[in-house]
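Work through these exercises with the structure open beside you. Try each task before reading its solution.

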Amino acid sequence: MSKRYFLGFDGGQSASRSLLVDAEGRVILRTVGPPFEHLKAPDGERKIKSAFKACLEMVANNHYPVQSAFLGLTGLWDPESPEARPILHIFRSILDVEQVGIDNDSVSCWAGAFGCEPGIVIAAGTGVVAYGVNPCGRSIKVGGWGYIMGDLGGAFDIGHRALIAIAKETDKGLPPSLLTTKILNHICVRDSRELQSRLYRLEEERPTISSLAPIVAEAAKQGDQKAAAILRR
């Protein structure tokens with residue numbers, strides 16, 4: 001009997017990852033690729049293909065007979081979402097797999113955290129979504145609205161609130177706070193107006209704004225009150 005392998009793929013807004021294991025649960029391969037994008041976003045299809053290729057080409061090139069795979073993806077609400085079928089088509093064009101499951105990445109977070117037993121997981125990265133399953137097997141998903149309609153408390157939201165705080169500080173003619181100074185240094189600009197110019201020239205603002213969340217946390221630890229207020233909120 002030929003050896004069987006199983007694949008997990010996590011497509012997140014910060015990065016993509018895959019894990020290949022054998023039937024005994026031994027890890028064979030771990031791979032990391034670029035962020036996964038929404039299918040309808042500008043250049044979304046190309047970015048999805050790029051994330052899949054980066055994570056799956058080693059599996060495909062070594063001809064591992066993958067029996068089943070599960071794709072946990074950002075931007076996909078459930079297996080019946082209209083984006084599911086075209087995303088599966090892109091996946092299968094790179095890797096031939098007998099069975100493929102697909103759902104929101106909160107489902108794979110829950111499965112990994114609880115071994116598919118009852119429990120609740122809050123996946124807080126660039127965005128935020130909560131998913132839970134009760135002892136009767138009933139599941140519910142809350143959040144996951146994306147940066148325009150929700151994702152409150154996620155890295156993008158924290159970074160966005162910090163930028164608003166900088167704008168208010170500038171409008172009031174106040175000297176730069178510790179939070180402002182740290183963010184200006186992080187983005188490598190001289191002042192808030194140069195920061196504004198840089199941000200509005202970005203092709204992909206979400207990763208840059210999300211990268212400010214650790215800066216906010218660091219400033220809060222060092223006593224910046226605006227940073228602390230953002231984290232409390």
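A salt bridge is a side-chain nitrogen of Lys or Arg within 4 Å of a carboxyl oxygen of Asp or Glu. Keep in mind that this is a predicted model.

**Exercise 1. Find the partner of R161 in a salt bridge, and state how far apart the closest N and O atoms are.**

Step 1. Start from R161. Its salt-bridge partner is D157.
Step 2. Take the closest N and O atoms of the pair. They are 3.2 Å apart. The cut-off is 4 Å, so the pair counts.
Step 3. R161 has a relative accessible area of 22%, so it is partly exposed. D157 has 11% relative accessibility, so it counts as buried. The boundary for buried is under 20%.

**Exercise 2. Describe the salt bridges of R190 and R26, and say which residues are joined into one network.**

Step 1. Side chains of opposite charge can pair when their charged atoms come close.
Step 2. Look at R190. It pairs with E194, and the closest N and O atoms lie 2.8 Å apart. R190 is exposed, with a relative accessible area of 72%. E194 is partly exposed at 23%.
Step 3. Now the network. K3, D22, E24 and R26 are joined by salt bridges that share partners.
Step 4. R26 bridges to E24, with 3.2 Å between the closest N and O atoms. R26 is partly exposed, at 47% relative accessible area. E24 is exposed, at 54%.
Step 5. Finish with the total. The count comes to ten salt bridges.

**Exercise 3. Describe how helices α1 and α2 cross, and which residues make the contact.**

Step 1. Locate the helices. α1 covers residues 44–61 and α2 covers residues 84–94.
Step 2. Compare their axes. They come within 9 Å and cross at roughly 35°. The crossing is right-handed.
Step 3. List the contact residues. From α1 come E45, I48, K49, F52, K53, L56 and A60. From α2 come I87, I90, F91 and I94.
Step 4. Eight are nonpolar, none is polar and three are charged.

**Exercise 4. Which residues touch the most other members of the largest nonpolar core, and which elements supply this core?**

Step 1. Note the size. The largest nonpolar core has 27 residues.
Step 2. Pick out the residues that touch the most other members. They are L7, F52, L56 and F91.
Step 3. Trace the elements. β1 (5–11), α1, β4 (66–73), α2 and β5 (99–104) each give at least two residues. The largest share, six residues, comes from α1.
Step 4. Zoom in on F52. Leaving out residues up to four places away in sequence, F52 touches F9, F36, E57, L71, I87, I90, F91 and I94.

**Exercise 5. Is E218 buried or partly exposed, and how far is its C-alpha atom from that of I166?**

Step 1. Find E218. It lies in helix α9, residues 213–221.
Step 2. Read its accessibility. At 37%, E218 counts as partly exposed.
Step 3. Compare positions. E218 and I166 are 52 residues apart along the chain. Their C-alpha atoms are separated by 16 Å.

Notes: Residues numbered from 1 in each chain as written. Predicted model: local features only at pLDDT ≥ 70, side-chain atom pairs only at ≥ 80, totals over all residues. Heavy atoms only, no water. Helix = DSSP H or I, 4+ residues; strand = E, 2+ residues; numbered from the N terminus. Buried < 20%, exposed > 50% of the residue type's maximum accessible area, 1.4 Å probe, protein only. Axes fitted to C-alpha atoms, helices over the stretch in contact; angles between N-to-C directions. Left-handed = near helix turned anticlockwise from the far one by under 90°. Contact = heavy atoms within 4.5 Å. Nonpolar A, V, L, I, M, F, W, Y, C, P; charged D, E, K, R; others polar. Core = buried A, V, L, I, M, F, W, Y, C linked by side-chain atoms within 4.5 Å.
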